[in-house]
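Colleague: I would like to go through this model with you. Please keep it brisk.

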Amino acid sequence: MKLIGAKAIKMKKLFLFSILFIGFLSYAQESPVSISTNTTSIKIGEQIQYKVTVKGQNNIVFPTIKLDSLKKVELVEALPTDTLKNQLEKKYLLTSFDSGVYVIPQQEILINNSKYLTDSLLINVATVKVDTLKQKMYEIKAVKSEPKTFDDYKHLLWWLLIILAIIGVALYFIFRKKKEKEVIIYVAPIQEAFQRLKELDEKQLLQQNKVKIYYSELTDIVRTYIEKDIHIPALESTTNELIETINDFNESSNLGISKETIQQLKRVLQSADLVKFAKSNPIVEEIKADRNTVELILKDTQIAVHKNDSVEVESNIENATQTTIKPVKKKKNNIVKYILIGVAALLLIISVLGYFGYKYVKDNVLGSTTSEILDKQWYTSNYGFPEVTIETPELLKLESVQLPESVMTIVGDYTIYTYGSLISDFYVAVNSTNFLKETDNLDMDGGVQGSLKEMGQSMGTIFSNYEEETITNNGVEGRKVTVNYQRKSLLTSKLTDYKLTMLFFADNKSMRQVIVSNIKDDASANKISERIINSVIIKP
């Protein structure tokens, strides 16, 4: 009985162990998801890599990560899912900017449409200690307004487009070329002929010994008249054909042209043919006689053809040499045009000011005058290493400079901050140079001369009225140099006098320069330059 009882107890223990082991296996199989992090304690602004691992690769859905209920923990980036052997990994980068202890809740993962929960995670965010005794404190700077962007004016875009369209249509109607109405003036053939004779005399072809051209135009005048007034194809007919046609018309239509006139016409046409085709060279008296003959032929033919309206004929002949064809020009109303242009320009200015605002246009397009710069708020800032403290009307901008390779072995750090440029009407520059090794026997005067030489070459000018004095700033010895120079102003394009002031400080470890350039005769600019120079503080 005892043996049976012992066996029974042993069987019960074995059965209980089996149940617990099977339960553990089933629990392990029901939780194929896990989480891990690279750390659970960070400082403000640092990042945590939060990783979710899922066993298996089929039908797995990672949800949007749930963060702490206080919303103090932020998601920086959700990285792409990594596929490993028989499992998937999803990584998230988290951070927080508020110190404290926060709980990342359980994350819900879908595997084959079944939900599985991860463990929650406790993270600690510590603040950064600031030693106010060792850390140098700075004055609170004034609040600067954000620069305006396109989105600030997007709602006004349609109004601007409408205004520009109106201006464009107005300018189109102002400057479009209007087609002038063609004015057809009918001139009697006899008037045209005498006008052409007058123009032929004014050309002075005989004085230029252009006899062939003279006869060609002379015969063309008489042929054109005959064709237009008598309606005989004279331009395309030979001399014999033309004379024969005139005789036939004279007999059949009773034109009344005398035989003497026809003979005179024949003689002139034959003389012209000899000049044009036989290279005949008549004397000047013969040429003038032929010209006068043509004039008589025109008059006689006109009288014969229009014998029934002789009064009009005589009037036409007398006025023929005075008749000219002048184009009819319409006077333009320039006053209206200028008024419309002025209105269009005014609308454009108003629309630009309304769209961008007067202050934006003033600061970015028109620019501030030196008197306005003197009265506006100034900024005191530290620049470079070693530091140079300076007060300026605008914060200086860091410029990118590529040093020569020959200098890289000497210079450890080089920075330059500027406002404007060397070719502008007002320029400020602060540069600091830190040497890699201490330099012996530093020639400060040579450094000043070298700097001026480089600037003069870059600006294409020569410095004059050189003045130099030795100064000390915060225990650091230096030089103050003032020079004058000339160049064309970008604003007026006129040759203008400028003044350049340079502060030069150097020791065996570093070198610092402050440069201010302005128009020499501008009183406000000189005050600005003096204020900037007097504000310089060199850190020992």
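Modeller: Here are cavities, salt bridges, backbone and surface, in that order.

Modeller: This is a predicted model, where local features need pLDDT of at least 70, side-chain atom pairs count only at pLDDT 80 or more, and totals for chains, interfaces and linings use all residues. Residues are numbered from 1 along each chain as its sequence is written, and side-chain values use heavy atoms, with hydrogens and water left out.

Colleague: How many cavities of 30 Å³ or more are there?

Modeller: Rolling a probe the size of a water molecule over the atoms shows where empty space is left. On a 1 Å grid over the protein atoms alone, a cavity is a set of points where a 1.4 Å probe fits but cannot get out; lining residues have an atom within 4 Å of a point. Points are joined across faces, edges and corners, and a volume is the space filled by probe spheres set on them. By this rule the count is three.

Colleague: Which helix gives the largest share of the lining of the largest cavity?

Modeller: The largest cavity holds about 50 Å³ of space. Helices (H or I, at least four residues) and strands (E, at least two) are DSSP runs, numbered from the N terminus. Helix 6 (259-277) and helix 7 (284-305) each supply at least two lining residues. The largest share, three residues, comes from helix 6.

Colleague: How many charged residues are in the lining of the largest cavity?

Modeller: The lining includes Ile226, Ile230, Thr261, Leu265 and Thr301. For the classes, Ala, Val, Leu, Ile, Met, Phe, Trp, Tyr, Cys and Pro count as nonpolar, Asp, Glu, Lys and Arg as charged, and the others, Gly among them, as polar. The lining has seven nonpolar residues, two polar and, as for charged, none.

Colleague: Which residues line the second largest cavity?

Modeller: The second largest cavity has a volume of about 40 Å³. Its lining has six nonpolar residues, one polar and no charged. The residues are Val52, Phe62, Pro63, Ile65, Tyr92, Gln107 and Ile109.

Colleague: How many residues apart in sequence are the parts that Asp220 and Arg196 tie together?

Modeller: Side chains of opposite charge can pair when their charged atoms come close. A salt bridge is a side-chain nitrogen of Lys or Arg within 4 Å of a carboxyl oxygen of Asp or Glu, and the whole structure has 12. Asp220 and Arg196 form one at 2.6 Å, N to O. Asp220 is in helix 4 (residues 211-229) and Arg196 in helix 3 (residues 189-203), so the parts tied together are apart in sequence by 24 residues.

Colleague: Is Arg291 buried or exposed?

Modeller: Arg291 forms a salt bridge with Glu295, with the closest N and O atoms 2.4 Å apart. The two are four residues apart in helix 7, so about one helical turn separates them. Buried means under 20% relative accessible area, exposed over 50%, partly exposed in between (1.4 Å probe, protein chains only). At a relative accessible area of 13%, Arg291 is buried.

Colleague: Which helix holds the Arg531 that pairs with Glu391?

Modeller: The side chains of Glu391 and Arg531 meet in a salt bridge at 3.0 Å, N to O. Glu391 lies in strand 13 (residues 388-392), so the pair ties together parts 140 residues apart in sequence, and Arg531 sits in helix 14 (residues 523-534).

Colleague: Where is Pro386?

Modeller: The peptide bond from Phe385 to Pro386 is cis, with omega near 0°. Pro386 lies in the loop between strand 12 (379-383) and strand 13.

Colleague: What is the relative accessibility of His231?

Modeller: His231 is not a glycine, yet has a positive phi of about 65°. His231 lies in the loop between helix 4 and helix 5 (239-252). His231 counts as exposed, because its relative accessibility is 60%.

Colleague: Where is Asn112?

Modeller: Asn112 has a positive phi, near 55°, in a residue other than glycine. Asn112 is partly exposed at 46% relative accessibility. Its place is the loop between strand 9 (108-111) and strand 10 (114-117).

Colleague: What separates the C-alpha atoms of Ser421 and Ser517?

Modeller: Ser421 is in the loop between strand 15 (411-419) and strand 16 (426-435). Ser421 and Ser517 are 96 residues apart along the chain, and their C-alpha atoms are separated by 9.2 Å.

Technical notes. 1 Å grid on protein atoms, 1.4 Å probe; cavity = no way out; pocket = protein on both sides within 12 Å on 5 of 7 lines; lining within 4 Å.
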